[in-house]
Amino acid sequence: MNRNRLKPANSLQTHKLWKLFTLCFVLTLFGLVFVFLQVKIIRLADDNRKLELTLDEIRKKNAGLYLQVDKLKSPRFLEQKLAYLKMGMVPISSLAQVEARIPSQSMRPPGSLLAKREAYRER
């Protein structure tokens, strides 16, 4: 009769098996999340590098445009361009300055704006 009994040491322990399975599943899940996050970080770093290179190119182009604007604003360049195009324009400094004569009170028509202002000032 003793031969037909099952020994407790040889039985399959399902509780320990489920613990082991759950532990392996959790570790695998953490590993997959870790790998996913590492890949995401690498992609973001690559995007950041590309954006920095684009920013450097834009800054270089902007600096060149500032130099071009300064060149186009310079009086020397404008004079050379006018001479090349033969537009016949002269610098302001060479123009004669003429004073505008303001007619005296006796020469102004009585209803004019200047006559009204002077009449108002005299009061």
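# Close-up views of a helical model

View A. Asp46 counts as partly exposed, at 28% relative accessibility. Here, buried means under 20% relative accessible area, exposed means over 50%, and partly exposed lies in between (1.4 Å probe, protein chains only). This is a predicted model, in which local features need pLDDT of at least 70, side-chain atom pairs count only at pLDDT 80 or more, and totals for chains, interfaces and linings use all residues. Residues are numbered from 1 along each chain as its sequence is written, and side-chain values use heavy atoms, with hydrogens and water left out.

**View B. Asp46, Arg49 and Lys50 form a network of salt bridges.** A salt bridge is a side-chain nitrogen of Lys or Arg within 4 Å of a carboxyl oxygen of Asp or Glu. The count by this rule is 2. In the bridge between Asp46 and Arg49, the closest N and O atoms are 2.8 Å apart. In the bridge between Lys50 and Asp46, the closest N and O atoms are 3.6 Å apart. Why are Asp46 and Arg49 separated by about one helical turn? They are 3 residues apart in helix H1. Lys50 and Asp46 also both lie in helix H1, 4 residues apart, about one turn of the helix. Arg49 is partly exposed, with a relative accessible area of 45%. Lys50 also counts as partly exposed, at 45% relative accessibility.

**View C. Trp18 and Phe21 pair edge-to-face.** The structure holds 1 aromatic pair. The ring centres of Trp18 and Phe21 are 5.8 Å apart and their planes stand at 85°, so the pair is edge-to-face. The rule takes rings of Phe, Tyr and Trp (its six-membered ring) with centres within 6.5 Å; planes under 30 degrees apart count as stacked, over 60 as edge-to-face, and the rest as tilted. Trp18 and Phe21 sit 3 residues apart in helix H1 (residues 14–73), so about one helical turn separates them. Are these two residues, Trp18 and Phe21, buried or exposed? Both are exposed.

**View D. A nonpolar surface patch includes Leu29.** Its members are Phe25, Val26, Leu29, Phe30, Val33, Phe36 and Leu37. Together they make a patch of about 710 Å². Patch residues have over 30% relative accessible area and no salt bridge; like charges are joined within 9 Å, and nonpolar side chains (Val, Leu, Ile, Met, Phe, Trp, Tyr) within 5 Å. Leu29 is found in helix H1. Leu29 is partly exposed, with a relative accessible area of 45%.

**View E. Leu78 touches Leu72 and Lys73.** Residues up to four places away in sequence are not counted here. Contact means heavy atoms within 4.5 Å. Leu78 is found in helix H2 (residues 75–85). At 42% relative accessibility, Leu78 counts as partly exposed.

View F. Along the sequence, the pattern reads α-α-α. Helices (H or I, at least four residues) and strands (E, at least two) are DSSP runs, numbered from the N terminus. How many of the 123 residues count as buried? The share is 3%. The accessible surface comes to about 13,000 Å², and 64% of it belongs to carbon and sulfur atoms. Areas come from the Shrake-Rupley method with a 1.4 Å probe; for residues, only the protein chains shown count as cover.

**View G. Confidence is highest in H1 and lowest in helix H3.** pLDDT is the predictor's confidence in each residue, from 0 to 100. The protein's mean is 82, and 69% of its residues reach 70 or more. H1 has a mean of 95, while helix H3 (residues 113–122) has a mean of 72. Where pLDDT is low, the predicted coordinates should not be read in detail.
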